[in-house]
Amino acid sequence: MRIEDLNEKIRKCSKCRLSETRMNALCGEGALNARLLLIAQAPGETEDREGKMFIGPSGKVLDELLEIAAVSRGKIYMTNLVKCMLPKYRKPKQDEIEICSKYLDKEIELIDPKILVPLGYFAIKYIFEKNAIPLPSKGEFHKIYGKIILAGDRKIFPLKHPAAVLYNDSIKDEMIKNYCKMRVLLNNDEQEIPHSLEVG
Ligand code: SF4
């Protein structure tokens with residue numbers, strides 16, 4: 001299957017209840033040969049209306065973080081765990097994740113990135129479980145942000161969702177540090193020097 005065929009399926013999908021409340025099911029965007037895949041939770045209202053990834057308030061935060069870290073959107077691929085907007089920004093339900101994550105699995109297979117960057121709890125939980133990585137307890141969860149975890153020939157680099165800055169500006173410095181670390185990770189991977197990575 002080509003990514004265009006997958007995206008066509010996503011656009012027309014009505015496999016779960018979220019198809020009834022969305023305007024657009026969002027396909028991933030970015031470089032098809034990207035070595036890094038950002039995985040957000042679900043589109044926001046602006047993204048749903050316009051049909052584009054990360055163009056609302058959290059997109060502005062993401063663009064700022066990427067600019068500071070000198071990572072271009074065109075160099076990475078971005079997608080969502082759940083492709084349709086969640087009404088009133090509620091949490092995704094387990095059955096919605098189970099159905100919709102089939103598209104994410106296919107995107108990972110087609111793009112074949114070397115670095116997975118899940119953003120926020122639900123994307124991290126999904127990627128950890130998929131790779132048989134134990135999920136930290138709630139109390140310990142904050143410790144995994146910005147850690148590099150090896151999973152086969154891939155690296156997993158869990159980060160807070162950019163939207164978190166909108167609610168708590170004091171975490172911005174930590175986010176900037178982690179996005180800069182992401183740039184180093186990406187550059188190292190391009191140069192194929194995995195031994196220089198910090199793990200854990
Ligand atoms: S959330 Fe996913 S599974 Fe549900 S309708 Fe949208 S694209 Fe289909």
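A pocket, in the sense used here, is an open set of grid points with protein on both sides within 12 Å along at least five of seven lines. The structure shown in these views is a predicted model.

**View 1. The largest pocket and its lining.** The volume of the largest pocket is about 750 Å³. Its lining is made up of 29 residues, and those that lie nearest the centre of the pocket are Q41, Y89, H161, A163 and Y167. Two or more lining residues come from each of helix 2 (45-50), helix 3 (57-69), helix 5 (121-130) and helix 6 (163-167). Among these elements, helix 6 gives the most, with four residues. Sorted by class, the lining of the largest pocket has 16 nonpolar residues, eight polar residues and five charged residues.

View 2. The structure holds one cavity of 30 Å³ or more. The space in the largest cavity is about 100 Å³. This cavity is lined by 13 residues, with C13, C16, C84, C100 and Y103 the closest to its centre. Eight residues of the cavity lining are nonpolar, two are polar and three are charged.

View 3. Six strands form an open sheet with mixed pairing, in the order 1-3-2-4-6-5. Strand 1 (29-30) and strand 5 (149-151) stand at the edges with a single partner strand each, so one side of each has no neighbour in the sheet. Within the sheet, strand 2 (residues 36-40) pairs with strand 4 (residues 115-118) in the parallel sense, over four bridges. In this pairing, L38 stands opposite V117 of strand 4.

**View 4. Helices packed on the sheet.** Helix 7 (residues 172-190) packs on the sheet and touches strand 2, strand 4 and strand 6. The direction of helix 7 makes about 160 degrees with that of strand 4. Helix 4 (residues 94-111) lies across strand 2, strand 3 (77-80), strand 4 and strand 6 (154-156). Relative to strand 3, helix 4 runs at about 165 degrees.

**View 5. The covered helix 5.** Helix 5 is mostly covered, with seven of its 10 residues buried. The buried residues are F122, A123, I124, K125, Y126, I127 and F128. The elements that cover these buried residues include strand 2, helix 4, strand 4, strand 5 and strand 6. Just after helix 5, A132 has a positive phi of about 55 degrees.

Definitions and conventions. Residues numbered from 1 in each chain as written. Predicted model: local features only at pLDDT ≥ 70, side-chain atom pairs only at ≥ 80, totals over all residues. Heavy atoms only, no water. 1 Å grid on protein atoms, 1.4 Å probe; cavity = no way out; pocket = protein on both sides within 12 Å on 5 of 7 lines; lining within 4 Å. Points joined across faces, edges and corners; volume = space filled by probe spheres on them. Nonpolar A, V, L, I, M, F, W, Y, C, P; charged D, E, K, R; others polar. Pairing = 2+ DSSP bridges. Contact = heavy atoms within 4.5 Å. Axes fitted to C-alpha atoms, helices over the stretch in contact; angles between N-to-C directions. Buried < 20%, exposed > 50% of the residue type's maximum accessible area, 1.4 Å probe, protein only.
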